[in-house]
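Grab a pencil and work through these exercises with the model open beside you. Try each task before you read its solution.

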Amino acid sequence: MDIEEDIRSLQLDSAEENNGLINLEDGKPEVDKSDKTDEDPKQDVQPQPVKADEPKVKDKEIPHVQDEKDDLELKKRHVNVVFIGHVDAGKSTTGGQILFLSGQVDERTIQKYEKEAKDKSRESWYMAYIMDTNEEERAKGKTVEVGRAHFETEKTRFTILDAPGHKSYVPNMISGASQADIGVLVISARKGEFETGYEKGGQTREHVQLAKTLGVAKLLVVVNKMDEPTVQWSKERYAEIESKMIPFLKQSGYNVKKDVQFLPISGLNGANLQTRMDKSICPWWDGPCLFEALDSVELPERDPKAAFRLPIIDKFKDMGTVVMGKVESGTVREGDSLLVMPNKDHVKVVAIYIDEDRVKRAGPGENLRIRLSGVEEEDILSGFVLSCVESPIPAVTEFVAQLQILELLDNAIFTAGYKAVLHVHSVVEECEIVELLHQIDPKTRKPMKKKVLFVKSGAGIVCRVQVSNTICVETFSSFPQLGRFTLRTEGKTVAVGKVTKI
């Protein structure tokens with residue numbers, strides 16, 4: 001019996017090996033056997049091409065399919081949304097709930113998180129676990145790193161950037177906000193929580209000022225925790241928060257009528273996120289829900305034909321050197337030759353990925369991972385910029401800037417020799433003010449003729465800034481995204497500014 005079985009298996013093996021040969025002469029029966037699991041249309045299609053032509057067919061078809069996919073990718077606009085606000089306002093919970101409602105997280109995962117949170121006797125944190133993935137964040141209930149996730153509505157593809165609210169992690173929040181197009185400022189309506197976040201030293205204030213400086217042009221102010229027992233969807237509480245926030249938003253430089261929208265939500269139970277408010281719960285609200293508001297935000301047009309710029313926020317090794325970042329302008333294609341500035345390394349684009357999908361090209365506003373050849377991973381630092389060879393980004397150690405001083409520590413004075421940490425796009429670099437050129441008149445916003453030696457909090461000043469290493473910046477007038485910056489010292493934002501001359 002054993003011998004017979006062996007012979008039979010050998011016969012089967014040889015039949016399989018001959019499969020390809022038989023295919024050429026009278027392919028159909030053989031293909032039918034092997035492809036039984038496939039659908040019927042595939043069986044009809046597969047035997048038709050002759051083997052000699054196969055490579056040609058492949059060459060024609062694959063790029064064509066990818067280009068179609070490319071166009072689909074580019075038809076839906078892409079928007080980066082950063083969630084900002086005071087610690088414990090509910091940013092991660094709201095982000096998690098959005099992902100759950102848009103079908104990015106399944107019911108079983110939620111149940112697992114619910115159990116995990118219950119074990120830590122933190123029942124209300126389970127939605128935040130979707131965004132806060134590492135153990136330290138879950139144990140403390142505080143976001144540390146900028147969480148990333150993706151969801152889609154009918155019109156738009158969104159990338160959520162969940163920024164940390166705690167003041168110790170503001171540098172991480174800056175890197176998140178510098179990649180964003182829209183900000184969602186989450187405010188807690190709970191008695192006492194809004195006040196703590198809004199008062200002096202609260203993160204609500206600092207985050208709004210930073211968001212404006214970092215180029216977050218549009219802001220959705222969501223008043224969260226409206227379902228809380230101390231609030232219970234109270235119109236008075238909502239109006240009180242709105243009336244306190246509006247003057248502050250104006251002072252931070254936002255045009256409240258055009259660029260800011262307020263709406264009440266509950267991140268924990270998902271009220272007013274994907275569908276409009278139920279009138280039985282909140283009779284006074286007849287505005288949009290969060291998804292509608294995000295979809296309807298108009299963004300400034302970006303020029304896909306402009307010079308290519310991609311500030312690098314991270315890099316790693318994966319079959320070559322891979323860099324991550326957001327395209328600030330221009331378009332990149334597979335096979336392009338680019339420069340890594342300021343080192344002037346010539347590199348070639350091997351592959352481009354949006355989320356997990358490989359694409360042929362990508363335009364402005366997209367978050368990409370790009371595989372490069374011609375450079376080692378250790379030769380790249382975050383803050384370097386991928387730019388086109390024809391007009392590379394300027395690399396400087398000194399520039400002239402216009403600064404608005406917010407609040408100096410312990411009534412210090414701002415003078416030549418003042419040292420701080422400069423944050424510009426993804427660069428974090430120590431800097432020194434070398435010379436004060438002239439003060440800006442607060443009424444006319446024009447430079448005053450009289451030379452000054454020092455200024456105090458609240459002043460506007462044009463000065464020369466020097467950095468310890470070469471960095472890549474552009475002037476604000478030619479390239480706003482790469483020409484605005486913040487100065488911080490000892491964990492506080494002391495000034496915001498723009499590069500006026502290189």
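**Exercise 1.** How many disulfides does a search of the whole structure find?

*Solution.* Before we start: this is a predicted model, where local features need pLDDT of at least 70, side-chain atom pairs count only at pLDDT 80 or more, and totals for chains, interfaces and linings use all residues. Residues are numbered from 1 along each chain as its sequence is written, and side-chain values use heavy atoms, with hydrogens and water left out.

Step 1: recall that a disulfide is a covalent bond between the sulfur atoms of two cysteines. Here the test is a pair of cysteine sulfur atoms within 2.5 Å.

Step 2: run the search over the whole structure, and you get 0 disulfides.

Step 3: take Cys463 as a check. Its closest cysteine sulfur belongs to Cys431, and at 8.8 Å that is too far for a bond.

Step 4: look at accessibility. Buried means under 20% relative accessible area, exposed over 50%, and partly exposed in between, using a 1.4 Å probe and protein chains only. Cys463 has 0% relative accessibility, so it counts as buried. Cys472 is at 0% too, so it is also buried.

**Exercise 2.** Work out why helix α5 counts as largely enclosed by the rest of the structure.

*Solution.* Step 1: find the helix. Helices (H or I, at least four residues) and strands (E, at least two) are DSSP runs, numbered from the N terminus; α5 covers residues 91-101.

Step 1: list its buried residues: Lys91, Ser92, Thr93, Thr94, Gly95, Gly96, Gln97, Ile98 and Leu99.

Step 2: look past its end, where Gly103 has a positive phi near 80°.

**Exercise 3.** Describe the aromatic pair formed by Tyr238 and Trp285.

*Solution.* Step 1: learn the rule. Rings of Phe, Tyr and Trp (its six-membered ring) pair if their centres lie within 6.5 Å; planes under 30 degrees apart are stacked, over 60 edge-to-face, and the rest tilted. The whole structure has 7 aromatic pairs.

Step 1: apply it. The centres of Tyr238 and Trp285 are 5.9 Å apart and the planes meet at 70°, so this pair is edge-to-face.

Step 2: Tyr238 sits in helix α12 (residues 235-251) and Trp285 in the loop between β6 (260-264) and α14 (290-296), so the pair links distant parts of the chain, 47 residues apart. Both Tyr238 and Trp285 are buried.

Step 3: Phe414 and Tyr418 are tilted, at 4.9 Å between centres and 40° between planes, and both are buried.

**Exercise 4.** Where in α12 does the kink lie?

*Solution.* Step 1: define the bend at a residue as the angle between axes fitted to the seven residues ending there and the seven starting there.

Step 1: follow the helix to Met245, where there is a kink of about 25°, shortly before Pro247. Met245 is one of the buried residues of α12.

Step 2: look just after the helix, where Gly253 takes a positive phi of about 105°.

**Exercise 5.** Which strands pair with β7?

*Solution.* Step 1: strands pair if DSSP finds at least two bridges between them.

Step 1: β7 (residues 309-317) and β15 (residues 385-388) pair antiparallel over 3 bridges, with Ser387 as the bridge partner of Arg309.

Step 2: β7 also runs antiparallel to β8 (residues 321-326), joined by 5 bridges.
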